[in-house]
Amino acid sequence: YMNHIIKTTGNWPECSSLVQLWKRTTNQQISRSPPLYIEVGTNIGACVTEMLLSTNAIIIAFESDDTNLLQLTSTLLTLSKETRN
């Protein structure tokens with residue numbers, strides 16, 4: 001189901017809202033270093049990927065399910081090394 005929606009629309013709908021909320025809240029903070037984003041239950045990586053591509057956040061992501069972790073890893077490996085780092 002999730003893969004079908006992402007293939008059809010280009011993203012998971014809640015991820016865009018997350019990025020907008022992130023930008024609104026982090027723009028109000030004064031900091032010299034990039035903000036830290038921690039996601040627990042990353043699933044297949046839809047929102048982590050959108051955060052990587054749309055923000056300057058340092059991202060730490062956790063996924064405990066082996067099947068989802070494999071998909072998450074595959075998703076992240078499609079991104080450029082510069083984006084992943």
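Helix H2 (residues 13-27) and helix H3 (residues 46-54) pack with their axes 9 Å apart, at an angle of about 45°. Axes here are lines fitted to C-alpha atoms, for helices over the stretch in contact, and angles run from 0 to 180 degrees between N-to-C directions. H2 and H3 are therefore oblique to each other; angles under 35 degrees count as roughly parallel, over 145 as roughly antiparallel, 65 to 115 as roughly perpendicular and the rest as oblique. From H2, the residues Cys15, Ser16, Leu18, Val19, Trp22 and Lys23 meet Ala46, Cys47, Glu50, Met51 and Ser54 of H3, where contact means heavy atoms within 4.5 Å.

This is a predicted model: local features need pLDDT of at least 70, side-chain atom pairs count only at pLDDT 80 or more, and totals for chains, interfaces and linings use all residues. Residues are numbered from 1 along each chain as its sequence is written, and side-chain values use heavy atoms, with hydrogens and water left out.

## The whole chain

The protein chain has five helices and two strands, in the order α-α-β-α-β-α-α from the N terminus on. Helices (H or I, at least four residues) and strands (E, at least two) are DSSP runs, numbered from the N terminus. Of the 85 residues in the protein chain, 31% are buried. Buried means under 20% relative accessible area, exposed over 50%, and partly exposed in between (1.4 Å probe, protein chains only).

How many of the nine residues of H3 are buried? Seven are, so H3 is largely enclosed by the rest of the structure. The buried residues in H3 are Ala46, Cys47, Val48, Thr49, Glu50, Met51 and Leu52.

Not counting residues up to four places away in sequence, threonine 42 touches Val48, Ala61, Phe62, Glu63 and Leu72. Asparagine 43 has a phi near 60°, a positive value in a residue other than glycine. Most residues other than glycine have a negative phi.

## Helix H4

H4 has twelve residues and reaches 16 Å from its first C-alpha to its last, close to the 16 Å expected at 1.5 Å a residue; the expected span is 1.5 Å times one less than the number of residues. At the start of H4, a side-chain oxygen of aspartate 65 comes to within 3.1 Å of the backbone nitrogen of threonine 67.

A polar atom of the threonine 75 side chain lies 3.3 Å from the backbone oxygen of isoleucine 44. Threonine 75 touches Ile44 and Thr49, not counting residues up to four places away in sequence.

Serine 74 and glycine 45 are 29 residues apart in sequence, and their C-alpha atoms are 9.3 Å apart in space. For threonine 42 and leucine 69, 27 residues apart along the chain, the C-alpha separation is 8.3 Å.

Here is how four of these residues compare in accessibility:

| Residue | Relative accessible area | State |
|---|---|---|
| Threonine 42 | 3% | buried |
| Asparagine 43 | 28% | partly exposed |
| Serine 74 | 37% | partly exposed |
| Threonine 75 | 18% | buried |

Note on methods:
A polar contact is a pair of N or O atoms within 3.5 Å; within protein, one must be able to donate a hydrogen and the other to accept it, and residues adjacent in sequence count only if both atoms are side-chain atoms.
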